[in-house]
Amino acid sequence: MEKVKVVIGDRLGKGKNVAAGIEEAGGIAILIKGVGADMKVGDFMHDNNADFGISFCGSGGAGAITAKSKYGYPAEYGLRSIDAGVTAIKNGTQVIGFGFMDSKELGKRLTEAFLQKSK
C-alpha cells in the first residue's frame with residue numbers, strides 16, 4: 001500500500017502536532033493553512049485523493065459535515081477523544097470532526113488504525 005494521506009483542517013489554523021503524529025506513523029500529512037481551514041477538508045481530500053481527513057473546530061462538526069454534504073465522504077463529528085476517533089476509522093469513517101485537539105498522539109493513533117484496517 002502507498003503511504004496513507006491525511007488532510008488536516010483546523011478552524012484556528014493549527015494542526016502541526018497532529019501532522020507530526022501522522023508522519024511518525026508513516027503517513028503523509030496535508031495540513032491546510034490559515035483560519036477556517038476546517039471548511040476546506042473535503043476539497044483538499046478530493047484534490048489530493050486522501051485516505052481520510054480530520055477537521056477541528058469548537059463543535060467538531062462544521063468541516064466534517066461540509067465534506068460529507070459536498071463529496072459524500074462518510075463522516076462522524078463532535079468527537080472528543082482519541083479512542084472515539086480510532087473507532088470511527090475502524091468503522092470506515094473518512095472524515096472525522098473533533099473539538100480542538102492538536103495532539104501528536106491523535107495523529108499517530110488514527111494513522112496506525114487506518115493502516116491496520118487496510119491490511
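Select Y71 to begin: at 28% relative accessibility, Y71 counts as partly exposed (between 20% and 50% relative accessible area, with a 1.4 Å probe and protein chains only; buried is under 20%, exposed over 50%). The model is a predicted one, in which local features need pLDDT of at least 70 and side-chain atom pairs count only at pLDDT 80 or more, while totals for chains, interfaces and linings use all residues. Residues are numbered from 1 along each chain as its sequence is written, and side-chain values use heavy atoms, without hydrogens and water.

**Aromatic pairs**

A search of the whole structure finds three aromatic pairs (rings of Phe, Tyr and Trp, the last by its six-membered ring, with centres within 6.5 Å; planes under 30 degrees apart are stacked, over 60 edge-to-face, the rest tilted). Display F52 and F114: their ring centres lie 5.5 Å apart and their planes meet at 35 degrees, so the pair is tilted. This pair links distant parts of the chain, with F52 in strand β3 (residues 52–56) and F114 in helix α5 (residues 104–118), 62 residues apart. Helices (H or I, at least four residues) and strands (E, at least two) are DSSP runs numbered from the N terminus. Both F52 and F114 are buried.

Y73 is buried, with a relative accessible area of 13%.

Next, select M45 in helix α2. At 0% relative accessibility, M45 counts as buried. Its contacts (heavy atoms within 4.5 Å) beyond four places in sequence include F52, Y73 and V95.

Move to D38, in the loop between β2 (28–31) and α2 (41–48). D38 is also buried, at 0% relative accessibility. Its side chain makes a polar contact with the side chain of R11 (3.0 Å); such a contact is a pair of N or O atoms within 3.5 Å, where within protein one must be able to donate a hydrogen and the other to accept it, and residues adjacent in sequence count only if both atoms are side-chain atoms.

**Strand β5**

Finally, select strand β5 (residues 95–98): V95 and G97 on one side and I96 and F98 on the other are all buried. Four bridges join β5 to β3 in parallel (strands pair if DSSP finds at least two bridges between them). F98 is the bridge partner of F56. Three bridges join β5 to strand β4 (residues 75–79), also in parallel, and A75 stands opposite V95.
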